[in-house]
Structure formats: C-alpha cells, structure tokens
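Trainee: I am new to this structure. Could you take me through it, one question at a time?
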Amino acid sequence: MADIAFIGTGIMGGPMARHLAAAGHSLTVYNRTRAKAEAWVAAHGGAVADSPAAAATGKDAVIACVGNDDDLAQVTLGTDGAFAAMRDDAVFIDHTTVSADIARRLALARTLVVDAPVSGGQAGAENGKLSIMCGGTAAAMAAAEPLMAAYALRIVHVGGPGAGQQTKMVNQIAIAGVLQGLSEALRFAQASDLDLDKVFEAISGGAAQSWQMVNRWQTMSEDKFDFGFAVDWMRKDLGLALDEARKNGASLPVAAMVDQYYADVQKMGGNRQDTSSLVRRMPK
Ligand code: NAP
C-alpha cells in the first residue's frame, strides 16, 4: 500500500481519491478551497494538507486532478508546488486535461511522470470505471498503473510524454462531431413529429449508435442538461486540440465550428451544462 498525496478533490478527483482510500492506500489531500478537502477527509479519512508541497513531502506518489494548464503549473512548479517537495523516486500522475506542452514540460522536470487524462465522466469516476490514456516512460507507467487500477476500467500506455493528452484531444474531437450530428438528428425527428422513444429503439442498436446516443438521446429530448461534462471544460479541451492542430498541421473544420457553437451555448448561460446542451442553440 502506498502513501499518496491527491491534489484537487473536485467532481473527478474526489471519487478517484475515494477509490484509492478504499483500496487501502493512505491519502493526504489538498484542494484550493480547503473546505472541500476537509469534507473529503471527514467522509473518507486521511489528512488535509495546507499546500501541494506539504501534501507531497515524503509520499510515494502525487496525483493531481485540477482544472487547466495554469492550475497544474501552480500545484507542481509554483510557490509551494509539489515538485520541489517530492522524493526523487516518487511518481507524479496528472489526470487533468491540459496541453501536451505542459505534460512534456513536467516530464522534463522529474524522472517518473505520467500524463493520464481520463474519459468516462463523473459517473466513470464514481463507479471506478474510467478510461485512462497515458503518456510517459515505461518506468513511470510501471509505478503509476497499480495505483490508477483503483478507478480504471481501461488503462492504455499510448506513448511518450504528452501522448496521453494528445489522445484525449482525439477523444474530444470525435465527441464534438458526434454531438452536433446527434443534435441535428434529434431536431429532425422532432420536426417530423416522430415518437422519440420509438426512434431511439429503432436506431440505437444499429450503425448510428454511439455512447452519446445511448446516454444522452433521452435527456436531450427532455431538455435536461444540468449534469455531466460542462461546456466550459469542452471549450477548454477543443481549444487545446485546435492549438495542437496548428502545430501538427491536422485539419479540424468540424471541431472549430462546434467550438464556436459552444460559445453560443455559453452566451445562453450554459457554461456548466452538459455538452449535450449543444442542441439548445438549434430552434425546435
Ligand atoms: P472540478 O470539480 O472543478 O475539480 C477541480 C478541482 O481542482 C477543484 O476542487 C478545484 O478547487 C481544484 N483546483 C483547481 N485549481 C487548483 C489549484 N490551482 N490548486 C489547488 N486546487 C485546485 O473539475 P472536474 O470536473 O473534477 O475536472 C477536473 C479535470 O478533469 C479538468 O481538467 C476536466 O477537463 C477533466 N475532466 C473532467 C470530466 C468531467 O466529467 N467532469 C471528465 C473528464 C475529464 P476549487 O474547489 O477551489 O475549485
């Protein structure tokens, strides 16, 4: 069993840390809003730290799941950041969705670093069934994998530092187009006065099937969006993908368009709504 510092006990990090504690690991947690870390400890045991450095001191592993590049830089390399305090042989695992650039920067700063963004959403974190896409060395993966197994359905070592984040971009690019297609399909079905449950029954086992269709068709048809993966996060992620595409030369016309459509949803007040709220900008 390992001594682990967990930084960022939010929607995703909170349940991940809970699975580690349930597996018997010893947890010290740090969160920007201290009350959230205190609530986590009250529910699951362990200790609260006053800074990332205090949490990381002497630990076997440090795991982060914060918001964006700036947050990650702050908790690792910033004042009272974890990196200066970590043991040389400790592994750092990052579950934040960030740029491949910062993932590579962190991998240059320490020996054992894995960029490990996740897919599966809040439900995947709660159920311990996340898909984790990883970048890093074989040695870093060997240290990280047994810990991540506490909350993973699937762990894939894709390549070197940054490859996990690039794979997450692939994931988000694929989802953006699917959600716009699903939005158009739903509005078409409504315009045709079709029974939406029957339409779902007819097509959800065929070639049009997708995770989004299976999990979001019904809620989209009921205008329910107050759950799931937030539009603000999706815009961050599409921004990362579009930045990366400028470097690798890939063409992303649909992702760029859907990113702008999400800007419309933000203007409608949908910042924290699920990404399926893309359909809201299309008149019924
Ligand atoms: P969240 O609920 O906002 O959690 C982020 C946590 O990190 C918050 O508790 C926040 O503290 C803390 N934090 C942020 N910056 C910090 C800093 N500088 N120092 C210390 N703590 C800091 O967000 P989330 O939904 O868990 O998402 C976290 C990451 O996972 C994001 O990169 C997101 O894109 C990615 N992700 C999310 C999902 C999803 O379905 N939610 C799915 C896949 C990937 P405060 O309490 O002070 O805000």
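Predicted model: local features only at pLDDT ≥ 70, side-chain atom pairs only at ≥ 80, totals over all residues.

Mentor: Residues are numbered from 1 along each chain as its sequence is written, and side-chain values use heavy atoms, with hydrogens and water left out.

Trainee: How many residues surround the ligand?
Mentor: A residue is near a molecule or strand if one of its heavy atoms lies within 4 Å of it. The closest residues are Met 12, Asn 31, Thr 33, Lys 36 and Gly 67. The number that surround the ligand is 25.

Trainee: Which helix gives the most to the shell around the ligand?
Mentor: Helices are DSSP runs of H or I with at least four residues, strands are runs of E with at least two, and both are numbered from the N terminus. Helix 4 (69–77), helix 6 (121–127) and helix 11 (231–248) each supply at least two residues of the shell. With three residues, the one that gives the most is helix 4.

Trainee: Which domains each give at least three residues to the shell?
Mentor: Domain bounds come from an automatic or database domain assignment. The shell draws at least three residues from each of domain 1 (3–161) and domain 2 (166–281).

Trainee: How far is a polar side-chain atom of Thr 33 from an oxygen atom of the ligand?
Mentor: A polar contact is a pair of N or O atoms within 3.5 Å. Within protein, one atom must be able to donate a hydrogen and the other to accept it, and residues adjacent in sequence count only if both atoms are side-chain atoms. For Arg 32, a side-chain N or O atom is 2.9 Å from a ligand oxygen, and for Trp 233 a polar side-chain atom is at 3.2 Å. For Thr 33 the distance is 2.5 Å.

Trainee: What share of the ligand's accessible area does the protein cover?
Mentor: Accessible areas come from the Shrake-Rupley method with a 1.4 Å probe, and for residues only the protein chains shown count as cover. On its own, the ligand has 890 Å² of accessible area.

Trainee: The structure holds one aromatic pair. Why is the pair of Phe 83 and Phe 92 edge-to-face?
Mentor: Rings of Phe, Tyr and Trp (its six-membered ring) pair if their centres lie within 6.5 Å. Planes under 30 degrees apart count as stacked, over 60 as edge-to-face and the rest as tilted. The ring centres of Phe 83 and Phe 92 are 5.0 Å apart and the planes stand at 80 degrees, so the pair is edge-to-face.

Trainee: Is Phe 92 buried or exposed?
Mentor: Buried means under 20% relative accessible area, exposed over 50%, and partly exposed in between (1.4 Å probe, protein chains only). Phe 83 has 9% and counts as buried. Phe 92 has 1%, so the term for Phe 92 is buried.

Trainee: How many residues of helix 1 are buried?
Mentor: Helix 1 covers residues 13–22 and is largely enclosed by the rest of the structure. Its buried residues include Gly 13, Met 16 and Leu 20. Helix 1 is followed by Gly 24, with a positive phi near 105 degrees. Of the ten residues of helix 1, the number buried is seven.

Trainee: Which backbone oxygen does the side chain of Ser 204 reach?
Mentor: Ser 204 lies in the loop between helix 9 (196–203) and helix 10 (211–221). At 12% relative accessibility, Ser 204 is buried. At 2.7 Å, its side chain reaches the backbone oxygen of Phe 200.

Trainee: Is Asp 193 buried or exposed?
Mentor: Asp 193 sits in the loop between helix 8 (163–191) and helix 9. Its phi is positive, near 55 degrees, though Asp 193 is a residue other than glycine. At 70% relative accessibility, Asp 193 is exposed.
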